[in-house]
Amino acid sequence: MTKGSEALIQGYLDFLLLEKGLSRNTQLAYRRDLKHLVLWLVSPEAFLRSEGSKDAVCDQNLLLNLDTEKLALFREACFDTGLDKRSVARIISALKGFYYWLMDEELVEQNPVSLLPKIRAEKKLPKVLSEEQVEALLDQPDRSDPTQARDRCMLELLYATGLRVSELVGLTAGQVSLQQGIVRVTGKGQKERLIPLGEIALDELTLYWQEVRSNLPGFKESETALFPSRKGGFMTRQAFWYRIHKYAVEAGLPDTLSPHQLRHAFATHLLNHGADLRSVQLLLGHSSVTTTQIYTHVANQRLKQLHQQHHPRA
């Protein structure tokens, strides 16, 4: 018969399965997070050594009589083990749900977790390619090969416009005006935006349109996709990821390079060269400027590095 803290935890997991329909993997994740607290209650020393949380069991009353002050000590212990803010925030979130369930079961009168100050999770800054790395990537495709010439144009357009990869592979011939030098994109929420093409991107796209596109394998006169795949029709995001991965390896860049990193590079390099945040927001198609502000942190980091490297008083 299941006893002690294990009975409470299993009851909560059954609730998550039957009432919330959560998957087994999610249930196991909740169990692991709850077991961290149990181990800490039984043996703080073992918890700090990260030993035995899987098998830890304590008296039910230790869980039912836990107060906010003691939970704050547990949270600090989590940080002492080396867990980052996101991991600790996840554990605390699991505990909060657990104690709300205990309240519904009338086993506790209040949720001690809800009184804890919130953890401000650190924003993950996007990894940004340097301008030299972008140039190295763009130099890899061989223009003498129609397929690689198409890829070269796609990479140039991605970096020059900051398009999402789904927007890039979904472009139709009618969305680009070589005469006006603009790309018309329908992004998230069906919001349309016009993106100007720089001189280099426009030259690349003109060359592709006039000399490359009709020579691609599988091209048909009725083709609507601006960048058709080998079999005709629109290329998938996965197929383009494979292509960019190939060129990244050839350029000596990380093999984890993704198309989205060129979008990051587009935004950061614009800010590094003096663009204002509102303009970058419009070009990226962000609904809120707060989403774009993360790039100012990246740009500021770059400025700090330049200052430290080149200023005599740094």
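This text walks through the structure from the whole chain down to single residues.

The model is predicted: local features need pLDDT of at least 70, side-chain atom pairs count only at pLDDT 80 or more, and totals for chains, interfaces and linings use all residues. Residues are numbered from 1 along each chain as its sequence is written, and side-chain values use heavy atoms, with hydrogens and water left out.

Start with the whole chain. Its secondary structure comes to 15 helices and three strands. Helices (H or I, at least four residues) and strands (E, at least two) are DSSP runs, numbered from the N terminus. Of the 314 residues, 41% are buried. Buried means under 20% relative accessible area, exposed means over 50%, and partly exposed lies in between (1.4 Å probe, protein chains only). A contact means heavy atoms within 4.5 Å. Among contacts between residues at least 6 apart in sequence, 58% join residues at least 24 apart.

Now look at how helices pack. Two packed helices are described by the angle between their axes and the distance between the axes. Axes are lines fitted to C-alpha atoms, for helices over the stretch in contact, and angles run from 0 to 180 degrees between N-to-C directions. Take helix α2 (residues 24-42) and helix α6 (residues 85-104). They pack at about 90°, with axes 9 Å apart. That makes α2 roughly perpendicular to α6. Angles of 65 to 115 degrees count as roughly perpendicular, under 35 as roughly parallel, over 145 as roughly antiparallel, and the rest as oblique. From α2, the contact uses Tyr-30, Asp-33, Leu-34, His-36 and Leu-37. From α6 come Arg-90, Ile-91, Ala-94, Leu-95, Phe-98 and Tyr-99. By class, this contact has eight nonpolar, one polar and two charged residues. Ala, Val, Leu, Ile, Met, Phe, Trp, Tyr, Cys and Pro count as nonpolar, Asp, Glu, Lys and Arg as charged, and the others, Gly among them, as polar.

Phe-98 leads on to the aromatic rings. The structure holds nine aromatic pairs. Rings of Phe, Tyr and Trp (its six-membered ring) pair if their centres lie within 6.5 Å; planes under 30 degrees apart count as stacked, over 60 as edge-to-face and the rest as tilted. The ring centres of Tyr-12 and Phe-98 are 5.5 Å apart and their planes are at 70°, so the pair is edge-to-face. Tyr-12 lies in helix α1 (residues 4-18) and Phe-98 in helix α6, so the pair ties together parts 86 residues apart in sequence. Both Tyr-12 and Phe-98 are buried. Ring pairs also link Tyr-12, Phe-15, Tyr-30, Phe-98, Tyr-99 and Trp-101 into a cluster.

Return to α2 for one more residue. Lys-35 lies in this helix. Lys-35 is buried, with a relative accessible area of 4%. Leaving aside neighbours within four places in sequence, its contacts include Glu-6, Ile-9 and Asp-55.

Next, find the strands. The three form an open sheet in the order β1-β2-β3, with antiparallel pairing. The edge strands are β1 (176-177) and β3 (192-196), each pairing on one side only. Two strands pair if DSSP finds at least two bridges between them. β1 and β2 (residues 182-186) pair over two bridges. There, Val-176 stands opposite Val-183 in β2.

Finish in a loop. Ser-130 lies between α6 and α7 (131-138). At 27% relative accessibility, Ser-130 counts as partly exposed. The C-alpha atoms of Ser-130 and His-269 are separated by 8.3 Å, though these residues are 139 apart along the chain.
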